[in-house]
Amino acid sequence: GTFPHGIDILTAADYFAVGNRANCFLVISMFVAGFPEYTQPMIDHLVTRKISHWDGVIRELSAKALHNLAQRAPEYTATHVLPRLLSMTQSLDLHTRHGAVLACAEVARGLYRLAVQEGRPVSSYLDAAAVQGLKQIHQQLYDRQLYRGLGGELMRHAVCVLIENLSLSKMPFRGDAVIDGWQWLINDTLRSLHLISSHSRQQIKEAAVLALAALCNEYYALETGEADPARQEELIRQYLADLRSPEEMARCGFSLALGALPHFLLRGRLQQVLAGLGAVTAICPEDVSFAESRRDALKAISRVCQTVGVRTGGAPDEVVCEENVPQIYRTLLGCLHDYTTDSRGDVGAWVREAAMTGLMDLTLLLGREQPELIEASVCEQVMCRVAQQASEKIDRVRAHAARVFMTLLHSDGSPVPHVPHRGELEKLFPRSDVASVNWNAPSQAFPRITRLLGLPAYRYHVLLGLAVSVGGLTESTVRYSTQSLFEYMKGIQNDPQALEGFGGTLLQVFEDNLLNDRVSVPLLKTLDQMLANGCFELFTAQQDHPFGVKLLALCKEEVRKSKDVQKLRSSVAVFCGMVQFPGGVRKKALLQLCLLLCHPFPVIRKTTASQVYEMLLTYSDIVAEDVLDEVMTVLGTTAWDAELPLVRGQRNR
């Protein structure tokens, strides 16, 4: 009984509960402050000790805790805490300043929310001096040049949070000079994102965009709800110009800023905004590696569409309608071809993920509001391209694509129209799979995705994705994708028509991606696996089957004049597998192998010799028995990595 309410508090704030910082600051603190003895001391402790803490996360959590606690002790907070926090915003210590500005923002918002709940004006808690103090924070920091240098990053972040919270609290600043100051800070922060250290860049970008959205919503609409025309003109012209900045980060920031604009500012400017964002998503030679700006532009396009809404027969400058839907879909679908790689790896994956999310949001929006705007050909493209991403090699992208695919298939409310093979898909992918299947795991994803090979509309795109997975490098991806593909092949082994269809699609994938190394190198490995596994045994019964003829021609074209060792090695394996096809194909394949035995690269000569040796052991009937031993001896005993003239004699023999 020494501590008031000790047992209750200990039960809630036990050792494990306080181990999670966010839970401790935001949930348990509110429970403990519910006992009046603890409310004020806890607020004082946060203000004196925690607001100026060295760890940024603690400062942010403390500010949020004060937001909650302000509603428990509003009078004390307004009369004692806020004036103290306002004086701390001028501190010489960076951490104190940062924490105090965040706390001012959160406390003001907390008091505003309480006033709204009680149906009182906010002035009943915030007097004129407090409002004036909050208004001056930006100018005082600007005059002391505290937005510059290393500490500037923290202050920019804090003031962006302040702008957002004061705007949401409807502070009476309409038409005041402070609004221009705030707008300058947001613009300047987005323009100089590239100068900000990379670990805090994302956080500051998000804070600035949220601040802009709140600021525009509150202060840029006239009483009629229309936009202030001068503001609208200046803002949109400026932001569209900044989308063409040579700095990738500026493009990111201003893309998201345009995406965050409220409806009234986009009215009459929709075409301009969509065209500007569309230009950011296009890949030009000078900005190939700007994957992040392409990703953020796609996010912005999606947000803009949600903001303005859909209306058939509407004006294309006001809403999404039949005039601009095709262009938006073209932009989003075009970005699914982004396979840019740089020193960070496949950065195009970020763009593809954003494009899939955008396609899902737009299609669901149209499906809910105006399903007649979704054309059958567009819906087919969306479903097929997403299915392709769901069968590719990066786990995260595959899982995201599968979620998008399932969401479009099982959309709540009205179903998306024109989904190809909807009946079969609902049987193959029941609604229960949405929650129960872990699409990140290759062992669960590939057996399901390969079922789509049986549906003609999806076969091409799923094969294109699978070819990259089966011929990839990651052991688990290769293992499960190969197993699933062979499982499907086993099912159509004795069905000439299905096998012909599959073979034709496979050759089409190869032909469309000739000399595109991202697809063709893994595809050669995939073909080698399939030939070695006897997937096309049905075709080998016929002399010069068209599949074999076409495949040989494509392989020859792919490796002509190539210096890529990886590709040449895979092609040797494919040529060896193609001796199964009797007639001219076998002759030509053996000729190619003879040429590769004298390739300029010693490593290719050695590889070819050992693979041909293994091939003759496997398919011994392709060489007459009386010379087989001699052929094997020449292949086995010659040093194929010796000088070319010596090797050539042995090869000719």
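Tutor: The chain is divided into domain 1 (222–374) and domain 2 (494–652), with bounds that come from an automatic or database domain assignment. This is a predicted model, in which local features need pLDDT of at least 70 and side-chain atom pairs count only at pLDDT 80 or more, while totals for chains, interfaces and linings use all residues. Residues are numbered from 1 along each chain as its sequence is written, and side-chain values use heavy atoms, with hydrogens and water left out.

Student: What distance separates the centres of domain 1 and domain 2?

Tutor: The centres are taken over C-alpha atoms. Between domain 1 and domain 2, the separation computed in this way is 48 Å.

Student: How many disulfides does the count come to?

Tutor: A disulfide is here a pair of cysteine sulfur atoms within 2.5 Å, and by this rule the count comes to zero. Cys335, for instance, is in no disulfide, and the nearest cysteine sulfur to it, in Cys284, is 12 Å away. The sulfur of Cys555 is too far for a bond, because the closest cysteine sulfur, in Cys576, is 12 Å from it. The number of disulfides is therefore zero.

Student: Is Cys555 buried or exposed?

Tutor: Buried means under 20% relative accessible area, exposed means over 50%, and partly exposed lies in between, using a 1.4 Å probe and protein chains only. Cys555 has 1% relative accessibility, so this residue counts as buried.

Student: Which helix supplies the largest share of the lining of the largest pocket?

Tutor: A pocket is an open set of points on a 1 Å grid over the protein atoms alone, where a 1.4 Å probe fits, with protein on both sides within 12 Å along at least five of seven lines, and lining residues have an atom within 4 Å of a point. The largest pocket is lined by 17 residues, including Cys594 and Arg651, which are among those nearest its centre. Helices are DSSP runs (H or I, at least four residues), numbered from the N terminus, and α30 (584–597), α31 (602–618), α32 (625–637) and α33 (644–652) each supply at least two residues of this lining. The largest share, five residues, comes from α32.

Student: Where does Asp544, which has a positive phi, lie?

Tutor: Asp544 is not a glycine, yet its phi is positive, at about 45 degrees. With 34% relative accessibility, Asp544 counts as partly exposed. Its place is the loop between α27 (537–540) and α28 (546–559).
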